[in-house]
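The following report describes selected features of a single protein chain.

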Amino acid sequence: MKCVIAPDAFKDSLGAAEVAQAIADGIRDVFPTAQCVLCPMADGGEGTLSAVLAAAGGEPRQCEVTGPLGQPLMATWGWLAATHTALIELAEASGLQQVPRQQRDACASTTRGTGELIKRALDDGATHVVLTVGGSATNDGGRGLLEALGARFLDAQGNPLPHGGLALQNLAQIDLSGWDKRLAGVRFEVAADVDNPLCGPHGATYTFGAQKGASPAQQAALEHALSHYADLTAATLGSDLRHTPGAGAAGGTGFAAMAYLGASIRPGVEVVAALTRLAEHLQGAHLVITGEGCFDAQTLRGKTPFGVARLASTYGVPVLVLAGTLGKGYTDLYEQGITAAFSLVSGPMTLEDACRDTPRLLRERAGDMARLLRLGTAMASHGSVGQA
């Protein structure tokens, strides 16, 4: 039996590679000779870098960059030498995880560190950059990233604007005379886990600003600032992408990447599937097991199990889901290529206990699923299924 194991990370518990290994151990407890192909996955959010490096055999690299509030920090990026591809995870340099909750400031936070990672990748010879944009602490429209690559955002007196999205309300000129010329020879892809536009009621600010520390009044000011920034970008570049799906990803970083870097935006799980060669692994497979922390109706918006199921369906491979919890609407996924879904928990337990025991629970539930598979195989071989 060939089983492809392609889960996402279980947040606050295990990374995708560790989840995949625990599931494989459970399958082999029942089918010792099973061919388990481990393919850790992600959807463009935090953990995408580690999942791709684990599955594709890439090299992690580090450099010091500017953090979201201007503090220096060490950030990791990934290198796939065979294709000169750089994997840049925005959350590493500009992520919410880098800022204590009480210090979150959507008005002043910057994506400059992410741009510095891209610049380092250019220095190392990258010709293809994959930028994953989930989990940002920022709402600056990606201008910090652009500044690290040579752009200047100036006020009416010709002075550089301070960090952050709110300062864009005073933007008078976008100066691209110092733009890094190497960018013209680089292909950019943005792996996004959202499809929001830059502005409007479903845009970057009103959808995600609160979790980044913006009050209602600050959200209104940030919305105005981003709209003004989009106006000047359109005047400078001759195109207006503010309403393009994905432009609002990472507080508008998707907009900056598309408008200034010519990036294409794709669902993160599709990008990760390509980098990890999931389609190749699915050929000849008998089963796929995927999973995530919470499996519910939101999974339909492009999370890992949904993306894995869509691809597996093209090869006619059944898909099982192992999840921390099964939330409201999870059965809707049965119409999208999911064969069945199972929760890890074996009885009442606290979230803390479930997170601590996730490796054991994954192995046990995977073993339970394998026993069902063995029963189904035995029934089919004796003709019992047809007689039921």
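## Contacts and nonpolar cores

Two residues are in contact when heavy atoms lie within 4.5 Å of each other. The model discussed here is predicted. With residues up to four places away in sequence left out, phenylalanine 153 touches Arg143, Leu146, Glu147, Asn159, Pro160, Leu161, Leu168, Leu171, Gln173, Ile174, Tyr229 and Tyr260.

Phe153 belongs to the largest nonpolar core, which has 51 residues. Together with Ile88, Leu146 and Tyr229, Phe153 is among the residues that touch the most other members of this core. Helix α8 (residues 253-261) supplies the largest share of the core, 7 residues. Another core lies apart from it and comprises 36 residues, including Cys39, Leu49, Val269 and Val319.

## An enclosed helix

The buried residues are Thr304, Pro305, Phe306, Gly307, Val308, Ala309 and Ala312. Their cover includes the helices α9 (268-275) and α10 (278-282), as well as the strands β11 (287-295) and β12 (319-326).

The structure holds 1 cavity of 30 Å³ or more. The volume of the largest cavity is about 40 Å³. Its lining is formed by Thr48, Leu49, Val52, Leu87, Glu89, Val130, Thr132 and Leu275. The elements that give two or more residues to this lining are α2 (48-56), β5 (85-89) and β6 (128-132).

Helix α2 provides the largest share of the lining, 3 residues. By class, the lining of the largest cavity consists of 5 nonpolar, 2 polar and 1 charged residues.

## Salt bridges

In total, the structure holds 19 salt bridges. One of them joins the side chains of aspartate 29 and arginine 363, at 2.8 Å from N to O. Aspartate 29 lies in helix α1 (residues 16-30) and arginine 363 in helix α13 (residues 358-381), so this pair ties together parts that are 334 residues apart in sequence. Both partners are partly exposed: aspartate 29 has a relative accessibility of 44%, and arginine 363 has a relative accessible area of 37%.

A local salt bridge is found between the side chains of arginine 112 and glutamate 116, with an N to O distance of 3.4 Å. These residues are 4 positions apart in helix α4 (residues 112-123), which means that about one helical turn separates them. Arginine 112 is partly exposed at 27% relative accessible area, and glutamate 116 is likewise partly exposed at 21%.

## A strand-to-strand pair and a charged network

Arginine 266 and glutamate 189 also form a salt bridge, in which the closest N and O atoms are 2.7 Å apart. This pair links distant parts of the chain, with arginine 266 in strand β10 (residues 264-267) and glutamate 189 in strand β9 (residues 187-192), 77 residues apart. Arginine 266 is partly exposed at 28% relative accessibility. Glutamate 189, by contrast, counts as buried because its relative accessibility of 7% is under the 20% limit.

Elsewhere, salt bridges with shared partners connect Asp353, Arg356, Asp357, Arg360, Glu364, Arg365 and Asp368 into one network.

## A buried serine

Serine 94 is located in helix α3 (residues 90-94). With a relative accessible area of 0%, serine 94 is buried. Residues up to four places away in sequence aside, serine 94 touches Pro68, Thr110, Thr111, Gly113, Thr114, Ser136, Ala137 and Thr138.

## Positive phi in loop residues

Histidine 84 has a phi near 50°, a positive value in a residue other than glycine. The residue lies in the loop between β4 (72-80) and β5. At 39% relative accessibility, histidine 84 is partly exposed.

Arginine 277 likewise has a positive phi, of about 60°, although it is not a glycine. Its position is in the loop between α9 and α10, two helices that are included in the cover over the buried residues of α11. Arginine 277 is partly exposed, with a relative accessibility of 40%.

Note on methods. Residues are numbered from 1 along each chain as its sequence is written. This is a predicted model: local features need pLDDT of at least 70, side-chain atom pairs count only at pLDDT 80 or more; totals for chains, interfaces and linings use all residues. Side-chain values use heavy atoms; hydrogens and water are left out. On a 1 Å grid over the protein atoms alone, a cavity is a set of points where a 1.4 Å probe fits but cannot get out, and a pocket is an open set with protein on both sides within 12 Å along at least five of seven lines; lining residues have an atom within 4 Å of a point. Grid points are joined across faces, edges and corners, and a volume is the space filled by probe spheres set on the points. Ala, Val, Leu, Ile, Met, Phe, Trp, Tyr, Cys and Pro count as nonpolar, Asp, Glu, Lys and Arg as charged, and the others, Gly among them, as polar. Buried means under 20% relative accessible area, exposed over 50%, partly exposed in between (1.4 Å probe, protein chains only). A nonpolar core is a set of buried Ala, Val, Leu, Ile, Met, Phe, Trp, Tyr and Cys residues joined through side-chain atoms within 4.5 Å. A salt bridge is a side-chain nitrogen of Lys or Arg within 4 Å of a carboxyl oxygen of Asp or Glu.
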